[in-house]
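Please look over the sequence and the model displayed below before reading on. The explanation then moves through selected parts one at a time.

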Amino acid sequence: MRILFALISLTVLTAARAADVYTDPATGLSVLSTEIDLPAEGFWYLHPKHHPREHLGFAFLLEPEEIYDLQRGQRTHALRERRAEQERRRLLSRAGSILTHRLDLPENRTPANWTDLDLSDHPELHEAFATGTLALVPGVPLRIENREEAQPLLVELKPLRNDGKHWVRNNHWQVERQDIDPALLQKHDWEITPSPLPALTAESLTYTLFARVFDPEIPELTLTLTNDHPKAEREIVLPVRGPTDSRENFDLWAEERTYAWLDWDNRIARMWAERAPDLYGIEIDLPRGPGRNTGRTASIMNVFGGDTAIRETLQLQNLESARSGADEEATIPLEDVRGVTVRSHNYAELLGDTQAPTVDLAAFCPEDRFFVWFPQPLQLADLLEGTDGILGRILSTGGPEILDHDVLDTHLLRLDLNRTILRETLKQDILSETALILPDLFLREGTDITSISRVRNPLTIDLYFSLLDRDPNAPEVHRWQHEDLLVLSSSATELQQVKELVLAGGENSLGTSAEFRYMLTQSPPTDKTLAYIYFSDSFIRRLTGPEVKIGQYRRLHARAELERLAAGRLLYQLDQRQTAPDIETLIETGYAPKLNHLNSDTLTWVYDRLTDPVWGSAARMATLLENVPTHVTPSEQKAYDTYRNQYESFWQQFFDPISIHIEKLSEEEMQTTVFILPLINSSIYDTVRGWFDPSPDRPLLRRPVLDPPPIAMISLNLSEPQWLDIIEGLADGFENAIGIDLPIWEYIGPGLHMGLADSDAVLTFGSGDLLDIFSARNGVRNNEMVWLPMAVSLFTRPVVLAVDLTDPDRMLEALRATPTGQLADQRNFLGFTIDLNQITGQDRWLLRIQLGGVLHLSFSLEVQDRYLVLSNLPLTYAPAVTGQQTDGLRDAAVRLQPHAIQATGPGFATAALDRARQQTHKALGTLSLFHQAGSPTLEHALSSARSLFGFTPVHPSPGEFVWTPGEPLSSTFGHIYEGRQPPLGDADIPGLLPPLHHLDLSMQLENEGLRTRIRWQLYP
């Protein structure tokens, strides 16, 4: 059964049956229901554009089940008959399965009557036997030898076709249509009664309307119903008969409205749905929330780029919620909760006598704080502009919905700054260098921030700040100046720590630690450095320790309750058409759950934000330093102990300090280097270690330069064991088929390179996104993470493979000596054949593989430069090696070249447009809730979302949100239930990285750690 629904209201028309109205005594909601006769052709529904919001709320039409059985033509009827036949066959199969499990039957034979079978879990079978549709043949052996003649166990007595046959299940366990056996019928006194499906036709069908009505005593309503095929609208005059005591239709209405919310799949809708059982007295199957490992599947770009290692090291996931009573007391001292005890490297020993570079401002940063240094503040704006600042690369979720959490502006405000002031300060070149210090990485929820800068002219600072246009409502900012050092902090205690380090000359600071100095030797700053980001051993230890984890645990619980109250307030506005008078009303009426972590007596509405005196509002939470736990509850300790045990099961040796070094190599070229030491002990990187040679003197990765350039190329500098694994599979297949040993295996490696050509693919693998082109997601890990997408691409995309050669001349000799013609002809069920033919007058060969006469694969092979080059489009794609590159790191590299995209442009654009449509529909789902709750304008809805929840939905390019009386729309993608998008030529589509000429990502394993480098060049 399918339900077509909408938020409705309507205009003037013809008569319908009188509607009954049920008013729920708990909520006061009134729901009307009535039956409406409508033409049978097509589907009728209620369109949002006809919605008179002054009379009706959520409404839907429930179509009759007969609508799916109507004979709309001869083929429709034939399909009904075919489906009915298959269902009859399945009934016999299920009945036979029940018999096979009845080992207690006497002499292992069918019972005397079908009533001896337990059919309590199979009502459809019970009905089939009871109505004489099926019959059980009594006393038949259930199991016989295959050589014995089959005997019927179950027979069909009311066949759907009158052709002298019926369905029979025999004791060879076959179900088939057989000729009717008159002797069998006479023996059991059965009669065959053919029962063909009737041809169902109707002029009209009866739909049922359910709708919320704001005035239960209104005498009459008018509405317009829509049919898309055929195109039609029908106006209905709906008399309202009066109240009824029947609750059934109210429950159905409430269930459908709740499931409609869940279809929109957002946090607010889920919070509304969670209230539905208690609020409306209905049963709802709520979908399970995301699991602990959601989104943890790695991609090639994330693994090679180091993002996977960073996420795994920082372990920013929240503590698992533990059930506890609201009155559970925090009696356990925080110091009694054992933190992560993973030990540290001996960095002084690693550093030895090596002279390390210096970063002066790091001498004023505490060892257990996150540190970001900007040696060229004039360039700072380039890094801060965009999505959530320079940490976006680490903290970005890439979720299905784009939400603006206003992270940059929020944290600038904590320093009494804004984008305009920051831009002006940088433009005036007042600062010679600056650094940011953070106690944690919870930027979205809120954290304290400290900036320390060297100013060029200390005497002008007071005057400069006095002239700035400051926000009078900005929180208190703590400021301290010492000689040419200027410190701004949102926290007095953080500023005090910096002050003490400054006055102590940096003793016991991050900058003077052996760890930081050693990591600087591994990735030293240069005159091109724009930013140096550092996660220290002590900072990661703090981030994973009980103070931060339990503090964040408490803050998230507080935020969840603030959000549930805010969502309940919206739902109250939707149902009651007014704002809830107070928080107690929301809780008492069931629109919000009882509070376990907050006190309703101390909650207040400030600037339309629900605010707690301890944790602030959902839009602007208090920082963890403002609420450091001193004692914890048993449930909190248990949750942390579980987290710590899981962490230590992966990190049994050392913590992993991380440095991220961002450089501007030229006006068009940027580079980011990530260094992690030591690399985490995880299944993903354990697999990666096995791909590459760990010896420090291994050869460089020599990437071929191809013409025409591929749109993307992956290069792997494989270890000898990996090559043996590859050769073993190839050699077994080819040498067994050909019957001879091939010497070519001796000359290949260590590099393997695969490039994707700019040509249309038969199939696509991955997300269709250029940044994800070599990735296998959805649970694919370990070796399959790289080999599966490479193998699938080889058979579905235009591909060039280039393999390093240790001796190109010997390889060419081996190829010339290889037999040609038909090398294999295995006439098995697949019909496997291999043909190798040399192009006349050329050192170029064509390899053709056929499977079953259906699958044909053709490859060209030739030696170019120091590579064996293989192409799977041998007649139309002839890539030439024009050189080689060795400027990346040693083990692996990925090169993306958007400028090479021509023929495949529409495919990438379509993928980007499809993703934008999905993100838009997610955003429309969120906005629709505010629309239902009475937001009069888009601006009001966005402002409410910001105030209540701390985010606003963002419309991806192309298009914008449009606010209409019926519902919010997208100017590009229509309303939330439409699946339309513009032609490619009519939309400004993002996703192809148009300003990017190329991007190189490379990595290598070293000193038990990981180094990755991302270099990208823009068009001049």
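This is a predicted model: local features need pLDDT of at least 70, side-chain atom pairs count only at pLDDT 80 or more; totals for chains, interfaces and linings use all residues.

Residues are numbered from 1 along each chain as its sequence is written, and side-chain values use heavy atoms, with hydrogens and water left out.

Helices (H or I, at least four residues) and strands (E, at least two) are DSSP runs, numbered from the N terminus. Strands of a sheet pair through backbone hydrogen bonds, either parallel or antiparallel. Two strands are taken to pair if DSSP finds at least two bridges between them.

An open sheet is formed by 4 strands in the order E7-E8-E9-E10, with antiparallel pairing. Its edge strands, each pairing on one side only, are E7 (134–136) and E10 (175–179). From one strand to the next the twist averages 30°. Strand E7 is joined to E8 (residues 152–156) by 3 bridges, and Leu136 has Leu154 in E8 as its bridge partner. Helix H2 (residues 123–130) packs on this sheet, touching E7 and E8 (contact means heavy atoms within 4.5 Å). The direction of H2 makes about 85° with that of E7; axes are lines fitted to C-alpha atoms, for helices over the stretch in contact, and angles run from 0 to 180 degrees between N-to-C directions. Helix H1 (residues 74–100) lies across E7, E8, E9 (165–170) and E10, at about 25° to E9.

A second open sheet has 3 strands in the order E22-E23-E24, again with antiparallel pairing. Here the edge strands are E22 (604–606) and E24 (616–617). Strands E22 and E23 (residues 609–612) pair over 3 bridges, and Val606 stands opposite Arg609 in E23. Helix H17 lies across E22, E23 and E24, running at about 150° to E23.

Helix H17 (residues 546–576) also meets helix H5 (residues 267–280): their axes come within 9 Å and cross at roughly 70°. H5 and H17 are therefore roughly perpendicular to each other, a term for angles of 65 to 115 degrees. Among the residues in this contact are Trp272 and Arg275 in H5, and Glu563 and Leu570 in H17.

Just after H11, Asp416 takes a positive phi of about 60°.

Note on methods. Angles under 35 degrees count as roughly parallel, over 145 as roughly antiparallel, 65 to 115 as roughly perpendicular and the rest as oblique.
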